[in-house]
Amino acid sequence: MIVHPINPIYDENSEILILGSFPSVKSREEGFFYGHPQNRFWKVVARICNTPLPNSIEDKTKLLHDHKIALWDVIHSCEITGSADSTIKNVQPNDLSAILDNADIKKIFVNGKKAESLYKKYIEKKIGIQAVCLPSTSPANAAWSEDRLYEFWKNEIV
């Protein structure tokens, strides 16, 4: 069983919440979200926010705060082989109440189909908020180019 090692990013001004499934091996090593260099999350979000690509954890956190974005994952702990979402089992979901009780979240998004299915199974009924599924920024989602991801994400988020 692996426990999620990264705290959620949010503050009282956060209006949208983006949830992934569970951090990749690289993200767990780095201690921050979307740490794999091939993941397009930071490129897409920076482009939507019209800001330079953040490189440090501090710059990434500032980007999220400046644009009222909260970021976390659906899973608190699970069994997983490597970084493959397809191997996730024995899920314990995260409790989103800390974010929802302390921020004015207007919309929840999930990054990819696995995050969506886990959200629907473990969280949606409990909190009563439907999430909008965005195509995954993972490099495993090769069918979606960075430009296509950007257009879809921008149309949903902005």
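Author: One definition to start: the radius of gyration is taken over C-alpha atoms, and the globule rule is 2.2 Å times the number of residues to the power 0.38. Also, this is a predicted model.

Reader: What radius of gyration does the protein chain have, and what would a compact globule have?
Author: The protein chain has 14 Å. A compact globule with 158 residues would have a radius of gyration near 15 Å, so the two agree.

Reader: What box do the C-alpha atoms fill?
Author: Taken along the principal axes, the box is roughly 40 × 35 × 25 Å.

Reader: How many helices and strands?
Author: The protein chain has 7 helices and 7 strands. Along the sequence they follow the pattern β-β-α-α-α-β-β-β-α-β-α-α-β-α.

Reader: How much of the chain counts as buried?
Author: Of the 158 residues, 46%. The accessible surface is about 8,100 Å², and 48% of that belongs to carbon and sulfur atoms.

Reader: And the contacts, what share is between residues 24 or more positions apart?
Author: Such residues account for 64% of the contacts with a separation of 6 or more.

Reader: Let's do strands. Is E2 mostly covered or uncovered?
Author: Strand E2, residues 16-20, is mostly covered, with 5 of its 5 residues buried. Ile16, Ile18 and Gly20 are buried on one side, and Leu17 and Leu19 are buried on the other.

Reader: Which strand do 5 bridges join to E2?
Author: That is strand E3, residues 69-73, and the two run parallel. Leu19 has Trp72 of E3 as its bridge partner.

Reader: Which strand pairs with E2 over 4 bridges?
Author: Strand E6, residues 107-111, again in the parallel sense. Ile18 stands opposite Phe109 there.

Reader: Moving to helix H5. Which of its residues are buried?
Author: In H5, residues 113-122, the buried ones are Ala115, Glu116, Leu118 and Tyr119.

Reader: What covers them?
Author: The cover includes E2, strand E4 (75-79), strand E5 (89-93) and E6, along with helix H6 (124-127) and strand E7 (131-134).

Reader: Where is Asn50, and is it buried or exposed?
Author: Asn50 lies in the loop between helix H2 (41-48) and helix H3 (57-66). Its relative accessible area is 72%, and the cut-off for exposed is over 50%, so Asn50 counts as exposed.

Reader: And what about Asn90, what is its phi?
Author: Asn90 has a positive phi of about 50° and is not a glycine either. Asn90 is found in strand E5. With a relative accessible area of 43%, Asn90 is partly exposed.

Reader: Last one, Phe33. Where does it lie, and is it buried or exposed?
Author: Phe33 lies in the loop between helix H1 (25-30) and H2. The relative accessible area of Phe33 is 2%, and buried means under 20%, so Phe33 is buried.

Reader: What is Phe33 in contact with?
Author: Leaving aside its neighbours within four places in sequence, Phe33 is in contact with residues including His4, Ile6, Pro8, Trp42, Leu71 and Trp72. Trp72 is also the bridge partner of Leu19.

Reader: How far is Phe33 from Val91?
Author: Their C-alpha atoms are separated by 19 Å, and the two are 58 residues apart along the chain.

Technical notes: Residues numbered from 1 in each chain as written. Predicted model: local features only at pLDDT ≥ 70, side-chain atom pairs only at ≥ 80, totals over all residues. Heavy atoms only, no water. Buried < 20%, exposed > 50% of the residue type's maximum accessible area, 1.4 Å probe, protein only. Contact = heavy atoms within 4.5 Å. Areas by Shrake-Rupley, 256 points an atom, 1.4 Å probe, with all protein chains shown as cover. Pairing = 2+ DSSP bridges.
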